[in-house]
Amino acid sequence: MARTQQQIDDLKRKIAQIQSWYHRIDLGDDIETPGHFRMADYLKYYNFPERMDGMRVLDVGASTGFFAYEFERRGAAEVVAVELPSWEAHDWTPRYRAELAAKSDQEKKTVDREVMFDGFTVVGEGYRSTRTKRIWKAIYDLRAAELGTFDLVFSGAMLMHVRDPILGIQRMRECCKPSGRLIVSISTTMMDSPDPVARFVGEWNQCNWWQMSPAALDSILNCCDFTHIDHRDRYTLQDVTGQFHDPTYVCHAFPRQE
Ligand SMILES: C[S@@+](CC[C@H](N)C(=O)[O-])C[C@H]1O[C@@H](n2cnc3c(N)ncnc32)[C@H](O)[C@@H]1O
């Protein structure tokens with residue numbers, strides 16, 4: 001349905017009110033979110049099914065929602081987008097957490113709203129989304145008893161941010177149907193290492209913990225009952241300025257067939 005000029009102006013105003021955008025998303029009518037990463041340019045590396053009709057999809061670490069709404073656009077019956085309930089809920093170091101604790105409630109609320117909440121909501125309004133909902137959870141708290149199981153579980157560029165990526169993968173396995181799949185991407189500078197190595201890359205004021213070689217991710221997936229790995233691909237993610245380069249590994253992992 002075409003937008004009226006009033007609707008176009010409202011959408012542009014809402015987008016402009018948000019300071020921090022992760023995804024650059026084309027919403028039509030010359031409206032684009034001013035994010036850092038235009039993930040539409042990298043879709044081919046993910047090998048998503050062209051059509052997702054009837055599928056339940058879980059998008060873990062959805063940020064401003066590019067992938068979640070792309071799954072809906074491809075026909076998914078239901079998309080559950082998982083995001084942390086606040087900036088403070090990241091796996092921060094004790095020292096950074098102490099700095100955050102010293103901020104006023106007002107400052108914390110503003111960061112949560114602008115970085116964690118509003119972008120995803122505005123993109124959903126822009127798309128007139130009806131089948132995507134967001135829930136607030138850490139990856140560790142994804143439980144099949146509560147959420148059910150999914151045909152596709154997706155985790156894009158987020159396992160580097162969790163202190164315990166193995167527990168995260170176990171939780172995603174629990175939420176994956178036996179006939180389903182996990183599609184996962186990680187950023188890694190160890191693209192060519194045949195060894196299953198993980199390197200600690202933590203710094204006190206960052207939320208990056210582990211770099212894994214593709215062989216390490218494959219081995220962890222195997223260990224966590226994803227016994228078949230397929231559609232391995234790699235690309236270099238660049239931001240819209242072209243200055244940021246992140247070598248990225250993507251694969252599809254399938255649960256052991258009973
Ligand atoms: C680098 S962004 C990736 C966004 C999107 N998945 C993509 O591939 O473009 C990582 C996202 O994961 C979320 N995240 C980080 N740690 C998380 C955790 N422990 N549980 C759930 N989400 C988390 C962050 O808030 C952020 O939105």
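In helix α2 of this predicted model, the residues F66, F67, A68, Y69, E70, F71 and E72 are buried, where buried denotes 20 or more other C-beta atoms within 10 Å of a residue's own, exposed 12 or fewer, and partly exposed a count in between, with C-beta atoms placed from the backbone. Helices (H or I, at least four residues) and strands (E, at least two) are DSSP runs, numbered from the N terminus. Because seven of the eight residues of α2 (residues 66-73) are buried, the helix is largely enclosed by the rest of the structure. Its buried residues pack against β1 (56-60), β2 (78-83), α4 (105-127), β3 (132-136) and β4 (150-156); contact requires that the C-beta atoms of two residues, placed from the backbone, lie within 7 Å. Just after α2, G75 adopts a positive phi of about 105°.

Residues are numbered from 1 along each chain as its sequence is written. Local features need pLDDT of at least 70 and side-chain atom pairs count only at pLDDT 80 or more, whereas totals for chains, interfaces and linings use all residues. The predictor's confidence in each residue, pLDDT, runs from 0 to 100. For the protein chain the mean pLDDT is 96, and 100% of its residues reach 70 or more. Within the protein chain, confidence is lowest in α4, with a mean of 93, and highest in β1, at 99.

β1 and β2 run parallel and are joined by five bridges; strands are taken to pair if DSSP finds at least two bridges between them. V60 has V82 as its bridge partner in β2 and S155 as its bridge partner in β4. β1, α2 and β2 form a right-handed β-α-β unit. A crossover is termed right-handed if, with the strands pointing away from the viewer, the path from the first strand over the helix to the second runs clockwise.

Strand β4 pairs with β1 and with β5. Four bridges join β1 to β4 in a parallel arrangement, and the partner of D59 in β4 is F154. β4 and strand β5 (residues 176-187) also run parallel, with six bridges between them; here G156 has S185 as its partner in β5. Together with helix α6 (residues 165-174), β4 and β5 make a right-handed β-α-β unit. Six of the seven residues of β4 are buried, so this strand is largely enclosed by the rest of the structure.

F154 lies in strand β4. This residue counts as buried because it has 27 C-beta neighbours inside 10 Å. Apart from neighbours within four places in sequence, F154 is in contact with V57, L58, D59, V60, F67 and I183. The C-alpha atoms of F154 and W210, which are 56 residues apart along the chain, are separated by 19 Å.

Most residues other than glycine have a negative phi. R128, which is not a glycine, has a positive phi of about 55°. R128 is found in the loop between α4 and β3 and is exposed, with 9 other C-beta atoms within 10 Å. A157, also a residue other than glycine, has a positive phi near 50°. A157 is placed in the loop between β4 and α6 and is buried, with 20 other C-beta atoms within 10 Å.
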